[in-house]
Protein chains: 2
Amino acid sequence: MKSIKAVTYPVHFQDKAYKELSNLITTNNYSTLFILVDENTMEHCYPKFIPNLETDKRIEVIEIESGEINKNLETCSGVWNAITELGGDRKSLVITLGGGVITDLGGFVASCFKRGIDFVNIPTTLLSMVDASVGGKTGVDLGVLKNQIGLFANPEMVIVDTDYLTTVTDREIKSGIAEILKYGITYDLKLFNEIKHNKDLDINSLIYRSIEIKNEVVLQDPKEQSLRKVLNFGHTLGHAIESFYLESEEKQNLTHGEAIAIGMVCECFMSAKLLGFPTEKVNEVKEVVLSIYNKTHLLKQDFSAIMELLKHDKKNINGQVNFVLLNDYQDYKLDCKVPEELIVESMEFYNL
Amino acid sequence: MKSIKAVTYPVHFQDKAYKELSNLITTNNYSTLFILVDENTMEHCYPKFIPNLETDKRIEVIEIESGEINKNLETCSGVWNAITELGGDRKSLVITLGGGVITDLGGFVASCFKRGIDFVNIPTTLLSMVDASVGGKTGVDLGVLKNQIGLFANPEMVIVDTDYLTTVTDREIKSGIAEILKYGITYDLKLFNEIKHNKDLDINSLIYRSIEIKNEVVLQDPKEQSLRKVLNFGHTLGHAIESFYLESEEKQNLTHGEAIAIGMVCECFMSAKLLGFPTEKVNEVKEVVLSIYNKTHLLKQDFSAIMELLKHDKKNINGQVNFVLLNDYQDYKLDCKVPEELIVESMEFYNL
């Protein structure tokens, strides 16, 4: 597949990507390569990656614990200390090999180490291939608040190799499908329809088109002043729900995709009430979502805690929550205010 | 005094600066102003600052504990949590009111909060006026390693009001004098001579000229690829000595200026041995330094620990320590390698 040119860096695909990585390492003459993994990608992805890495540079592997719960400043401190003890300097390169936690945290760690060293993202989950690894957002959570601490920083290169997807669970694949649905609903309905109708998805082409779309949006508005906000469709309420389940000790966590799929159904419902988004399309989105994900029963007694988390969404200004809503498929409206009762009503609709 | 135009922001002086700040706040329509102070600037500077701040915006004060020992990620977490709990959003403004710890840490905190919010620096010590508050470096220490974590980020404005200097101790003023000596030795000998000869210094003009010099250097090389390294004269060994005293529990800490003054004497000595910097000038620098600062006796048994810290200097590449040395006054050479024995010898020379 043809490489995609992002703001300041290329996205390379499959086998030829590794040649590009070797070239980058030679050209920039890095002093040491720090490969950031978690216990899963160490076991399943690293053995596939390392034979592809042609270099005589020193390689050091830093392993962190997997899971959103570890995407925090304490983990960053651990990685910064490890890089320091292993003699990392300003000419070191960080290679992130993993899902969104690894790419987001690794990009942040690299960007703040000695005021910034280079990094390369190698996403190994569908979610990180179509979302986290492209677009320049790096960061970690603060308590349960997702990505509260972070910055815009671009990698030197992103490598998308779908062979890594054989290493992840079905549930993780589905987590990524939610982002592809989002691109479909807001930007290119073909993606939505393909997922709706097809049992045998051509995952390579879905990934490629998703990255193209995300890249188009980000190129026009890298710092999320306006257009880029469209990528938050489903995420405003979805993030709050994800945080709530992450915070709750009795409840099983939701994946990011499971949470934003709920968010998309709810935000379609809000769109119908506020912008006249067609009701049959609300039902269609809900149907597709429920054909992919088990239904999560949102408890009434949890609504107020979810609303509280919503108030800390990064996009809020002056305590006002801002939603991306839809006039129609592929026709969105940014910065919509939604009355609290309607947000609650939308969660009740999802529950029906 | 005339405002100085830095890379992307102005440096305003004395009373007129506050008008500019009010304009900035009105123009950008910030949602909340977060003023970052420590217990000292809260007591001595805040009461002077606040009557000058003409605004109807919500003001929240966040106080951290003073001291380099608190310039770390734990303090950042505390501030990030405080801003979050106080409803900080992307349109919030952070105003740092304090010395280098406050301006460095506050700039870093602002730059990473929700991927970056605006900040304004109001340095209240001589050191932060002539150094920390201008140039775009933000960050915190990792253990004893100074500024190991951080990034380049520019404030919206810097306000230099020398009235704040009446609130700080003589020892703190002297800490700033070391940076002015550095500008003198490396860039504009007039500054060095003025300090050497004058009992009654015109501190306003020394500050103004120092900021001009720093700004000239930073404008040419904002990310410290080459020229900007000159600002590290005295700092390579000086930082290691400062870190060593910070780390040691029995020893009293040195101020930044005390440490880099020792660093400058030692690096002049190295310059004489390696580049033919005139010996009488080494002695002159040592004399001026010792006329300002009490002599610190560096113990032989501490040399190896200091050398170890030197190996973690941010400017090192491939474990090689890089010094800025002098051919002559105002004539420097970047990226000099110095044999370990000569570094030790230079500390022995300082001790003499």
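**View 1. Chain A as a whole has 14 helices and eleven strands.** Helices here are DSSP runs (H or I) of at least four residues and strands are DSSP runs (E) of at least two, numbered from the N terminus. The radius of gyration of chain A is 20 Å, close to the 20 Å that the globule rule gives for 352 residues, so chain A is as compact as a globular protein of that length. That radius is taken over C-alpha atoms, and the globule rule is 2.2 Å times the number of residues to the power 0.38. The C-alpha trace of chain A spans about 60 × 40 × 35 Å along its principal axes. Of the 352 residues in chain A, 61% are buried; buried means under 20% relative accessible area, exposed over 50%, and partly exposed in between, with a 1.4 Å probe and protein chains only. Contact means heavy atoms within 4.5 Å. Among contacts in chain A between residues at least 6 apart in sequence, 77% join residues at least 24 apart.

A word on the model before we zoom in. This is a predicted model, in which local features need pLDDT of at least 70 and side-chain atom pairs count only at pLDDT 80 or more, while totals for chains, interfaces and linings use all residues. Residues are numbered from 1 along each chain as its sequence is written, chains are lettered from A and ligands numbered from 1 in the order in which they are written, and side-chain values use heavy atoms, leaving out hydrogens and water.

**View 2. A:Ser111 sits in helix 5 (residues 100–112) of chain A.** With a relative accessible area of 9%, A:Ser111 is buried. Leaving aside residues up to four places away in sequence, A:Ser111 touches residues including A:Phe119 and A:Leu151, along with B:Gly150 and B:Leu151 from chain B.

View 3. Rings of Phe, Tyr and Trp (its six-membered ring) pair if their centres lie within 6.5 Å; planes under 30 degrees apart count as stacked, over 60 as edge-to-face and the rest as tilted. One of the pairs joins A:Phe13 and A:Tyr208, with ring centres 5.0 Å apart and planes at 45°, so the pair is tilted. A:Phe13 belongs to strand 2 (residues 10–13) of chain A and A:Tyr208 to helix 9 (residues 203–220) of chain A, 195 residues apart. Both A:Phe13 and A:Tyr208 are buried. In chain B, the ring centres of B:Phe13 and B:Tyr208 are 5.0 Å apart with planes at 45°, so this pair is tilted. B:Phe13 is buried at 2% relative accessibility, and B:Tyr208 is buried at 16%. Elsewhere, A:Phe192, A:Phe277 and A:Tyr329 form one aromatic cluster.

**View 4. B:Arg115 lies over the face of A:Phe152, at 6.0 Å from the ring centre.** A charge sits over a ring if NZ of Lys or CZ of Arg is within 6 Å of the ring centre and within 35 degrees of the ring normal. Within chain B, the charged end of B:Lys295 sits over the ring of B:Tyr350, 5.9 Å from its centre.

**View 5. Chain B holds an open sheet of seven strands in the order 1-2-9-6-5-3-4, with mixed pairing.** Two strands pair if DSSP finds at least two bridges between them. Strand 1 (4–5) and strand 4 (58–64) of chain B are the edge strands, each pairing on one side only. Strand 3 (residues 32–38) of chain B runs parallel to strand 4 of chain B, joined by seven bridges. B:Leu36 stands opposite B:Ile62 in strand 4 of chain B.
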